[in-house]
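Morning, everyone. I was asked to walk you through one model. Please have a look at it before I start.

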Amino acid sequence: HIRKKLDVEAMREAAQVFIGEHDFTSFRTVHCQAKSPIRTIERFDVEAQGDEVIAKISAPSFLHHQVRNFMGTLKKVGHHEWSVDKVRQVLEAKDRTLAGMTAPAEGLYFVQVDYND
């Protein structure tokens, strides 16, 4: 739970930085066992529903803690601590120590998996 109001529009704009194929080293845990940090984010929507902020992210695969690290970073944007340009710089830096905190798992829900043949 976050008590301070979030700027959801700023978060939505920053989330678009992650769309496409990128090296997400800045957003994976040091314990990640994936051979490559390259992943493709197909969709990243952020919206307000009452007092809740809903983020919907679609990708063929994710890195360990990638979504939680995205959300910790977007929280900084939502509190006007970081700009969209700062998020872009962190992504390009490929350095986990520069990104936002790992958001707690509470409140994050895995909704579905689609297997495409």
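First, the ground rules. This is a predicted model, where local features need pLDDT of at least 70, side-chain atom pairs count only at pLDDT 80 or more, and totals for chains, interfaces and linings use all residues. Residues are numbered from 1 along each chain as its sequence is written, and side-chain values use heavy atoms, with hydrogens and water left out.

Helices first. Helices here are DSSP runs of H or I with at least four residues, strands are runs of E with at least two, and both are numbered from the N terminus. Take α1, residues 8-15, and α2, residues 66-78. Their axes come within 8 Å and cross at roughly 135 degrees. Axes are lines fitted to C-alpha atoms, for helices over the stretch in contact, and angles run from 0 to 180 degrees between N-to-C directions. So α1 is oblique to α2. On that scale, under 35 degrees is roughly parallel, over 145 roughly antiparallel, 65 to 115 roughly perpendicular, and the rest oblique.

Who meets whom? From α1 come Ala-10, Met-11, Ala-14 and Ala-15; from α2 come Leu-74, Lys-75, Val-77 and Gly-78. Contact means heavy atoms within 4.5 Å. By class, that contact has 6 nonpolar, 1 polar and 1 charged residues. Nonpolar covers Ala, Val, Leu, Ile, Met, Phe, Trp, Tyr, Cys and Pro; charged covers Asp, Glu, Lys and Arg; the others, Gly among them, are polar.

Now the strands. Two strands pair if DSSP finds at least two bridges between them. β1, residues 20-23, pairs with β2 in the antiparallel sense over 4 bridges. Asp-23 stands opposite Ile-38 in β2. Strand β2 runs over residues 38-41. Its covered face holds Arg-39 and Ile-41, while Ile-38 and Thr-40 are on the uncovered one.

Next, β3 and β4. These are residues 43-49 and 52-58, paired in the antiparallel sense over 7 bridges. They form a hairpin with 2 residues between them. Gly-50 sits in the turn, with a positive phi of about 65 degrees. Val-46 has Ala-55 in β4 as its bridge partner.

Buried means under 20% relative accessible area, exposed over 50%, and partly exposed in between, with a 1.4 Å probe and protein chains only. Leaving aside neighbours within four places in sequence, Ala-55 contacts Phe-44, Asp-45, Val-46 and Met-71. Ala-55 and Met-11 are 44 residues apart in sequence, yet 9.6 Å apart in space, C-alpha to C-alpha.

On to the loops. Val-17 lies between α1 and β1. At 10% relative accessibility, Val-17 is buried. Beyond four places in sequence, its contacts are His-22, Val-84, Val-87, Arg-88 and Leu-91.

Thr-29 is in the loop between β1 and β2. Thr-29 is buried too, because its relative accessibility is 11%. Beyond four places in sequence, Thr-29 touches His-64, His-65 and Asn-69.

That brings up His-65, in the loop between β4 and α2. His-65 is not a glycine, although its phi is positive, about 70 degrees. His-65 is partly exposed, at 25%.

Last stop, Lys-94. Lys-94 comes in the segment after α3 (84-93). Its phi is also positive, near 55 degrees, in a residue other than glycine.
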